[in-house]
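Subject: Structure for your review

Dear colleague,

I am handing over the structure below, with notes on what was found in it. Please read the notes with the model open beside them.

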Amino acid sequence: QVQLLESGGGLVQAGGSLRLSCAASGSRFNINVMGWYRQAPGKQRELVATITTIGTTNYADSVKGRFTISRDNAKNTVYLQMNSLKPEDTAVYYCYARVIVVQTDNWGQGTQVTVSS
């Protein structure tokens with residue numbers, strides 16, 4: 001129902017920064033929650049951060065203080081500013097959108113983030 005297009009992934013050295021963007025399109029209803037999940041090699045997909053329409057945020061403990069999620073409702077775009085990156089942050093990062101009124105979860109195609117030591 002909702003198309004999600006991620007961008008901003010890449011290769012960065014430990015301690016560096018990246019900013020991920022995800023633009024949502026095609027939703028007829030409010031996208032209540034947008035966020036980011038990630039999946040590292042050999043691991044389950046895990047929550048990174050989410051943000052609601054009004055700006056309420058939730059972060060995984062592993063990224064608190066380093067990552068910041070933000071949202072531009074007019075553009076239906078969510079961002080993830082990633083600072084002080086660590087090799088363990090290496091993963092495919094997936095954009096997520098939840099539309100409560102139609103009970104749908106939507107996922108982007110993923111963008112690779114690689115942090116070298």
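Arginine 66 and aspartate 89 are both buried, a word used here for under 20% relative accessible area, with exposed meaning over 50% and partly exposed anything in between (1.4 Å probe, protein chains only). Their side chains meet in a salt bridge at 2.7 Å, N to O, where a salt bridge is a side-chain nitrogen of Lys or Arg within 4 Å of a carboxyl oxygen of Asp or Glu. Because arginine 66 lies in the loop between strand S6 (57–59) and strand S7 (67–72), and aspartate 89 in the loop between strand S8 (77–82) and S9, the pair ties together parts that are 23 residues apart in sequence. Strands are DSSP runs (E, at least two residues), numbered from the N terminus. Arg66 and Asp89 also belong to a network of salt bridges that includes Arg38 and Glu46.

Before going further, please note that this is a predicted model, in which local features need pLDDT of at least 70 and side-chain atom pairs count only at pLDDT 80 or more, while totals for chains, interfaces and linings use all residues. Residues are numbered from 1 along each chain as its sequence is written, and side-chain values use heavy atoms, with hydrogens and water left out.

The structure holds five salt bridges. One of them joins the side chains of lysine 64 and aspartate 61 at 3.0 Å, N to O; lysine 64 is partly exposed, with a relative accessible area of 49%, whereas aspartate 61 is exposed at 66%. Another joins aspartate 105 and arginine 98 at 2.9 Å, N to O, and here aspartate 105 is partly exposed at 43%, as is arginine 98 at 24%.

Asparagine 106, in strand S10 (residues 104–107), counts as buried because its relative accessibility is 5%. A polar atom of the asparagine 106 side chain lies 3.3 Å from the backbone nitrogen of valine 2. Asparagine 106 also touches, among others, Gln1, Leu4, Cys95 and Tyr96, again not counting residues up to four places away in sequence.

Lastly, arginine 45 lies in the loop between S4 and S5 and, at 35% relative accessibility, counts as partly exposed. The C-alpha atoms of arginine 45 and valine 92 are separated by 9.0 Å, although these residues are 47 residues apart along the chain. Beyond four places in sequence, arginine 45 touches Tyr37, Arg38, Gln39, Tyr94 and Trp107.

Terms used. Helix = DSSP H or I, 4+ residues; strand = E, 2+ residues; numbered from the N terminus. Polar contact = N/O pair within 3.5 Å; in protein donor to acceptor, adjacent residues only side chain to side chain. Contact = heavy atoms within 4.5 Å.
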